[in-house]
Amino acid sequence: MNHPLRCRCGALRGHLVLPATAARAVCYCKDCQAYAHFLGDPGRVLDAAGGSDIVAIAPSRVRLEQGLERLACMSLSPRGLLRWYAGCCMTPIGNTPRDARVHYLGLVHSCLDEQPLDAAFGAARVRINTGSARRKVTATPVAATVAMLRLLRVMVPARWSGRWRRNPFFDDSGVPAREPQVIDAAERARLTAAVQAS
């Protein structure tokens with residue numbers, strides 16, 4: 001069974017191959033909030049406390065089948081995460097490290113909502129970076145540690161086996177499939193102000 005992946009307008013489509021080792025978490029960090037504002041409609045991405053519902057999975061489980069020309073990439077800083085989205089409708093897709101050998105993808109719920117997430121990935125019981133939440137949110141350090149250990153069991157073997165090359169967001173040599181747009185200081189300041197004002 002697969003889980004569909006698509007942008008809001010349907011131009012970019014694919015799926016996740018299941019079953020797969022995955023962890024679901026809500027991240028409240030300021031960067032995820034700034035990213036949601038960059039996309040132009042933070043209410044579609046963030047919950048009431050400013051959290052992004054993320055499904056952490058191996059990128060080799062993702063198949064992008066239609067609309068690859070719509071895929072775009074940005075970063076909030078020269079060394080920050082690569083944040084992938086559909087340029088056609090500004091739907092967030094997911095976040096990856098800059099180093100493709102770190103076999104990790106944090107898919108944003110907005111591209112997975114065509115089917116219920118709980119059935120495929122379980123409830124989002126992990127909450128991280130709660131210090132940046134817009135209201136009181138209880139951190140879950142034990143659950144976060146367990147989730148990270150589960151993911152490491154996939155990430156470490158992928159690095160040594162070469163499976164990290166099976167990644168739709170990078171080519172076989174580890175170069176991003178799209179040139180990342182690194183925002184400048186002025187845009188970063190604007191996004192930071194938007195987060196603080198929300």
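**Q33 and its surroundings**

Me: Which residues is Q33 in contact with, leaving aside its neighbours within four places in sequence?
Reply: Q33 is in contact with Y28, L46, G50, S132, R134 and V195, where contact means heavy atoms within 4.5 Å. This is a predicted model, so local features need pLDDT of at least 70 and side-chain atom pairs count only at pLDDT 80 or more, while totals for chains, interfaces and linings use all residues. Residues are numbered from 1 along each chain as its sequence is written, and side-chain values use heavy atoms, with hydrogens and water left out.

Me: OK. Where is Q33, and is it buried or exposed?
Reply: Q33 is in helix α1; helices (H or I, at least four residues) and strands (E, at least two) are DSSP runs, numbered from the N terminus. Q33 counts as buried because its relative accessibility is 1%; the cut-offs are under 20% for buried, over 50% for exposed and partly exposed in between, with a 1.4 Å probe and protein chains only.

Me: How many of the residues of α1 are buried?
Reply: Seven of the nine, so α1 is mostly covered. The buried ones are C32, Q33, A34, Y35, A36, H37 and F38. Just after α1 comes G40, with a positive phi of about 100 degrees.

Me: V195 was on the Q33 list. At what angle do α1 and α4 pack?
Reply: Helix α1 (residues 30-38) and helix α4 (residues 185-197) pack at about 100 degrees, and their axes are 9 Å apart. That makes α1 roughly perpendicular to α4. Axes are lines fitted to C-alpha atoms, for helices over the stretch in contact, with angles from 0 to 180 degrees between N-to-C directions; under 35 is roughly parallel, over 145 roughly antiparallel, 65 to 115 roughly perpendicular and the rest oblique.

Me: And which residues in α1 and α4 meet?
Reply: From α1 you have K30, D31, Q33, A34, H37 and F38. On the α4 side they meet E187, R188, L191, A194 and V195. By type, this contact has five nonpolar, two polar and four charged residues. Nonpolar covers Ala, Val, Leu, Ile, Met, Phe, Trp, Tyr, Cys and Pro, charged is Asp, Glu, Lys and Arg, and the others, Gly among them, are polar.

Me: Which lining residues are closest to the centre of the largest pocket?
Reply: A25, A56, Y104, I128 and M148, out of 21 residues that line the largest pocket. The lining of the largest pocket splits into 19 nonpolar, two polar and no charged residues.

Me: Which elements supply at least two residues of that lining?
Reply: β3 (22-27), β4 (52-57), β10 (126-128) and α3 (141-161) each do. The largest share, five residues, comes from α3.

Me: What about the loop between β10 and α3, say T130?
Reply: T130 sits in that loop and counts as buried at 18% relative accessibility. T130 touches Y28, V137, T138 and A139, again skipping residues up to four places away in sequence. N129 is in the loop between β10 and α3 too, and N129 is partly exposed at 41%.

Me: Last topic, the backbone: which residues other than glycine have a positive phi?
Reply: N129 has phi near 55 degrees, and M90 has a positive phi of about 60 degrees. M90 lies in the loop between β7 and β8 (91-96) and is partly exposed, with a relative accessible area of 26%. Most residues other than glycine have a negative phi, and most peptide bonds are trans.

Me: Where is there a cis peptide bond?
Reply: Between L18 and P19, with omega about 0 degrees. P19 is in the loop between β2 (13-17) and β3.

Technical notes
1 Å grid on protein atoms, 1.4 Å probe; cavity = no way out; pocket = protein on both sides within 12 Å on 5 of 7 lines; lining within 4 Å.
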